[in-house]
Amino acid sequence: MKKLIVALAAIAAIASCGNHVPAIEISNPLPIKFGDPFLLAASDGRYYMYGTSLKDGFEAYVSDDLQNWEALGQVYKGGREGQWNRNCFWAPEVYERDGKYYMFYSSNKRDNPNNEGEIFRIGVAVSDSPSGPFADYLDRPLFEPEYPVIDANVLFDEDGRCYLYFSRCCYKHAVESEIAARVKADGIFEEVEESWVYGVELKPDFTGIMGEPVLLLAPPVLAGDVQAEWESRSVTSGEINRRWTEGSFIFRKNGTYYIMYSANNFAGPHYAVGYATSHNPLGPFTKSPDNPVLQENVSRGGEVLGTGHNMVVTLHDGNMYTVYHGRMRENPKDRVVLISPVEILGDGSLRVNY
């Protein structure tokens, strides 16, 4: 298998003494097989990777150089008697705050009186170490929306306020649109369900939200929208009757808020990433005409398909990178982790170099 090489500088030049640490090279994909990866560049100088893989919680890996990884095993265990969560543990993100490490994640709620097929909520766990073990911070979900929610992401803004971003699940959320009308007329699907991304202010002690969630991103309603083609590929190809807007990740750069998001079926080849911008953490956001900025490259002679659920991190070298999962052409059943550089260009547009 041809390897894709990404050069990552370990640390930038130290101007005061002129010393340089040699750049390191890592091979994509990383030797980690899970989805929804989140990379923490911790204050101890090490890198910690968390993701979706276990039926009853989360495992993690640690590295000093982003090339060689040590398995830490299971760092959070859920689904036990007495816990609010039950199964389907997805998309952990870990944040270092005031000497503690907080893990935000999604899972199905144990209390399910109506026997719903999806009853996802967002939970929080905490640890004294990025290596875990993480224990429940609350004995309940972070908040109780009227619909299932996944893919928690947190922004710590420059003014000290923090915000939670999440995706409403597609479950029982059929939405009328020109795309839905077209596939119904063509006999492909009777209805099309959608997931939408919301944002809301988060209490600074992570015990709940403040105010009502605001809708930030959704699939296009009009077929002529510049985003409609790429965000609808899983539907128009007949793969599945769902249009996803999920896996959001937000960051601020030069006074602009960039929110990246994934569209299409996470299990299929069309999974891809776009972004939108705003001057306010709760929008309104404008999607980029350059979308998607990250997608399969098999059609261009590459080896990766189904790229998505990304995050952006500034590594210890001071540069930005995106971490995401994809599927290799030779083994499309397994999700693997990849890293690619991210640039904010002079006109404010975002580019992923992959």
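User: Which backbone atom lies 2.8 Å from a polar atom of the side chain of Gln227?

Analyst: That atom is the backbone oxygen of Ser288. The structure is a predicted model, and the distance should be read accordingly. To read such a feature, one looks for N or O atoms within 3.5 Å of each other. The side chain of Gln227 has a further polar contact, at 2.8 Å, with the side chain of Trp230.

User: Where in the chain is Gln227 placed?

Analyst: Gln227 sits in the loop that joins strand S15 (209–217) to helix H2 (228–231).

User: Which residues does Gln227 contact, leaving aside neighbours within four places in sequence?

Analyst: Gln227 is in contact with Pro220, Tyr261, Lys287, Ser288, Pro289 and Asn291. Ser288 is also the residue whose backbone oxygen lies 2.8 Å from the Gln227 side chain.

User: What does Val293 touch, not counting residues up to four places away in sequence?

Analyst: Its contacts are Met260, Val273, Gly274, Tyr275, Leu350, Val352 and Tyr354.

User: How many helices and strands does the protein chain have?

Analyst: The protein chain contains 3 helices and 24 strands. Its radius of gyration is 20 Å, close to the 20 Å that the globule rule gives for 354 residues, so the chain is as compact as a globular protein of that length. Along the principal axes, its C-alpha atoms fill a box of roughly 65 × 50 × 40 Å.

User: What share of the contacts with a separation of 6 or more is made by residues 24 or more positions apart?

Analyst: Such residues account for 51% of those contacts in the protein chain. With regard to burial, 56% of the 354 residues count as buried.

User: How is the accessible surface to be read, and how far apart are the mean positions of the charges?

Analyst: The accessible surface comes to about 15200 Å², and carbon and sulfur atoms hold 48% of it. The chain has 32 positive and 47 negative charges, whose mean positions are 3 Å apart.

Key:
Residues numbered from 1 in each chain as written. Predicted model: local features only at pLDDT ≥ 70, side-chain atom pairs only at ≥ 80, totals over all residues. Heavy atoms only, no water. Helix = DSSP H or I, 4+ residues; strand = E, 2+ residues; numbered from the N terminus. Rg over C-alpha atoms; globule rule 2.2 N^0.38 Å. Buried < 20%, exposed > 50% of the residue type's maximum accessible area, 1.4 Å probe, protein only. Contact = heavy atoms within 4.5 Å. Areas by Shrake-Rupley, 256 points an atom, 1.4 Å probe, with all protein chains shown as cover. Lys, Arg positive; Asp, Glu negative; His and termini not counted. Charge placed at Lys NZ, Arg CZ, Asp CG, Glu CD. Polar contact = N/O pair within 3.5 Å; in protein donor to acceptor, adjacent residues only side chain to side chain.
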